[in-house]
Amino acid sequence: ALSRSPVQLSMHSVEVEGYGAFTDAVVYPLKERGVCAVVGDNRDDGCSDSNGAGKTTLVMAAMWALTGNSDLRIEGGAGKTLTKTDVVNDYAKTARVRLEGAANGVPFWVERRVSRTKLLGLRYGVGDEERTLADSRLTQAAMDADLGASVAARISFHGQHTVGQLLDANDGALKAALGELVDADTWREAKDLSRKRVAAARKRATALGADASARADYVRRIEQRLHSATAASNDWTA
C-alpha cells in the first residue's frame, strides 16, 4: 500500500565508493545545485557508444541508495537494470552509496552496501534516530513510508531509456507503472467518476439536441405562417 502522507524530499549530498566507475570514496554535493550537466571521458575506451565514464551511474546513485534499483538499460534490444555485479567496481569487492538530505525539513541519511552477490547492509536514519530494522525488506518498507523512496524513484529519476519505454508501454504496463504512484482505489474512483460525468454530459447533449430540433421546427412553422401571411397581405392589397 502507498503511504498517504505527503513527503517533501530534498537531497543534499551523495557519497559513492566502489560503485560503478568510482573506486575511491567521493562525495558530490547536491543541495541547491540547480540544473547541472554531467560530463565524463573514458580514456580507456574511446570507441564505445557509451563511454563508461560513470555519468549515468553517478546520476542514478541516489535512486540506487533509496531503492536498490537503477534506471533501465537497453542491451541486445532488451531492457534490464543493473545487477549487483554490474554495480560493484572491477577493482573493489563491495559498492557503497550514502545519500543525505531532508524529508519534510528533517535531516535523513540512507546507506546501501552490496557485494557482487548479495546485499551487505541497508541502514537509514531520520533526525537523530537510526531507524534500521532487523530485516532489509522491513527497512526498505520503512524507508518507503518515511521517505517516499519508491515514489521518488518513479518521479525523480528518468534515464535515457526509461521515458521511452513508458511511452511505448501498453495499457497494462502503463497502468502498472501509474499504480505504483496512486492507489488502485483512487484509479477506480476516478474511472467511475469519469464515467458518470461522461454519461451526464451525453444525457445533457441529447436533451440540448432535442431542444434545438424542437426550436428549429418552431422556427420553420413561424416562417411558413409568415410566408402565408405575407402572401395573403399581397393578395388583399392587390
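This is a predicted model: local features need pLDDT of at least 70, side-chain atom pairs count only at pLDDT 80 or more; totals for chains, interfaces and linings use all residues.
Residues are numbered from 1 along each chain as its sequence is written, and side-chain values use heavy atoms, with hydrogens and water left out.

The protein has eight helices and eight strands; these are DSSP runs numbered from the N terminus, with helices being H or I of at least four residues and strands E of at least two. Of the 238 residues, 26% are buried. Here buried means under 20% relative accessible area, exposed means over 50%, and partly exposed lies in between (1.4 Å probe, protein chains only). The accessible surface comes to about 16100 Å², and carbon and sulfur atoms account for 52% of that surface. Accessible areas come from the Shrake-Rupley method with a 1.4 Å probe, and for residues only the protein chains shown count as cover. Among contacts (heavy atoms within 4.5 Å) between residues at least 6 apart in sequence, 52% join residues at least 24 apart.

R96 forms a salt bridge with E15, with the closest N and O atoms 2.9 Å apart. A salt bridge is a side-chain nitrogen of Lys or Arg within 4 Å of a carboxyl oxygen of Asp or Glu. The two partners are 81 residues apart, R96 being in strand β5 (residues 95-103) and E15 in β1. R96 is buried, with a relative accessible area of 13%. Leaving aside neighbours within four places in sequence, E15 is in contact with A25, V26, V27, R96, V97 and R98.

A search of the whole structure finds eleven salt bridges. One of them joins the side chains of R123 and E130 at 3.1 Å, N to O. R123 is partly exposed at 35% relative accessible area, and E130 is partly exposed at 42%. Another pairs R131 with E129 at 3.4 Å, N to O. Both of these side chains belong to partly exposed residues, with relative accessible areas of 27% for R131 and 46% for E129. Elsewhere, salt bridges that share partners join E15, E17, R96, R98, E100 and E111 into one network.

Which residues of helix α5 (residues 149-156) are buried? They are A149, A152 and A153. Seen down the axis of α5, the buried residues fall within an arc of 105 degrees, so they line one face of the helix. The arc is that of the directions from the helix axis to the C-beta atoms. An α-helix has 3.6 residues a turn, so residues three or four places apart point the same way. The buried residues of α5 pack against strand β1 and against helices α2 (61-67) and α4 (136-147).

L174 lies in helix α7 (residues 171-179), and L174 is partly exposed, with a relative accessible area of 31%.
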